[in-house]
Amino acid sequence: MLSSPYLYSLALFLSLSLIFLFLAPQILPLKHPPTISLADDLDDLALFHNATIAASTSSHSAAATKISHLSFSNHPKPKIAFLFLTNSDLVFAPLWDSFFSGNENLFNIYVHADPSIDLNKNPPHKLFQNRFIPAKRTERASPTLISAARRLLANALLDDPLNLYFALLSQTCIPLHSFQYIYHSILGNSTWKLFNSFATQSKHQSFIEILSEDPNLQRRYDARGENVMLPEVRFEDFRVGSQFFILAKRHALLVINEKKLWRKFRLPCLNLNSCYPEEHYFPTLLSMEDPSGCSHYSMTRVNWTESVDGHPHTYRPAEVSPELIYTLRESNSSYSYFFARKFSPDCLKPLMDIAPDVIFRD
């Protein structure tokens, strides 16, 4: 028969075990692979279907006469749709407001804000008011970021046939050049090119990073399980790149109409440390479908030399200077970089101080 000390020890052990069983999830939250519900997927499919119909039925004459409800001009020209994907306040709104000022008939803005973020505590800047699309929860390193990007593309396609390019940005992105510099670099600067751009959409290039060499590529490919990506995506077709891109309209339509690869990339990962579907879906799809129609490089500069937990270097106020902007513009392509990330929120003031003479003076 067990003595009293043994009984007390056993009782204490069982009590602590029960407490840990019930409280452990609250003390040490378990990380579950994020999934996308069937209802959310069906909602997106309906949106993509409507956007595709709207884009396919809008003729050149319709595109020349329809004006977006987000536009300010009755003189239609090709536009760039700026797609902001955010899970926090848009603190650089004043900088973007200065960037867009005076070009109201050449752009549209669309914002996908994680609904778990209460932006009502800090009402958005006037620039972003009434520009939020219906959004769903997002989580880093999950297919929810792919869905959010596709949702932004679809809303922009549905909203205005004049949107011919689609630039995906985050809340930590800043412009490195004036709007006119970026607009003319993409669409040309002559009147003939502006109107001719509607007829030459099949030749428009997308600016998206597409890389086939990466030491972690095999682990990322197997993140959902060995051979799970087959037969739709072979390892030799698997690509990696920045999740931030500038897509031509024909590629935006390709993305929202794609279903085969999405069935694989939406699957939850077993190895969460090697799972970054948002960095693979778009470059893999476009590399498989139209590699010659893509630049294979991004127009958004990122500093990975001081990566922390998978995040790039974050610039702080003390680093902001004209020299930094000039350095961030430098690239190995025929274009200099258009945008850069990541900047901490307190960089806004020093950026605003140098913007008139450095960023917006090209």
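The model discussed here is predicted.

Colleague: At what angle do helix α5 and helix α9 pack?
Modeller: α5 covers residues 144-159 and α9 covers residues 249-257, and their axes lie 10 Å apart. The angle is about 125 degrees.

Colleague: How many residues of the contact of α5 with α9 are charged?
Modeller: From α5, R150, L153, A154 and L157 take part, meeting K249, A252, L253, V255 and I256 of α9. Seven of the contact residues are nonpolar and none is polar. The number of charged residues is two.

Colleague: What is the handedness of the crossing of α2 and α5?
Modeller: The axes of α2 (residues 38-57) and α5 come within 8 Å and cross at roughly 35 degrees. In α2, residues including D44, F48 and A54 meet α5 residues, among them S147, R151 and L158. This contact divides into seven nonpolar, three polar and three charged residues. The crossing is left-handed.

Colleague: Which residue of β9 is the bridge partner of R301?
Modeller: The open sheet has three strands in the order β4-β9-β8, with mixed pairing. Its edge strands are β4 (174-175) and β8 (300-302), each pairing on one side only. β8 runs parallel to β9 (residues 339-341), joined by three bridges. The partner of R301 in β9 is A340.

Note on methods:
Residues are numbered from 1 along each chain as its sequence is written. This is a predicted model: local features need pLDDT of at least 70, side-chain atom pairs count only at pLDDT 80 or more; totals for chains, interfaces and linings use all residues. Side-chain values use heavy atoms; hydrogens and water are left out. Axes are lines fitted to C-alpha atoms, for helices over the stretch in contact, and angles run from 0 to 180 degrees between N-to-C directions. Helices (H or I, at least four residues) and strands (E, at least two) are DSSP runs, numbered from the N terminus. Contact means heavy atoms within 4.5 Å. Ala, Val, Leu, Ile, Met, Phe, Trp, Tyr, Cys and Pro count as nonpolar, Asp, Glu, Lys and Arg as charged, and the others, Gly among them, as polar. A crossing is left-handed if the near helix is turned anticlockwise from the far one by less than a right angle, and right-handed if clockwise. Two strands pair if DSSP finds at least two bridges between them.
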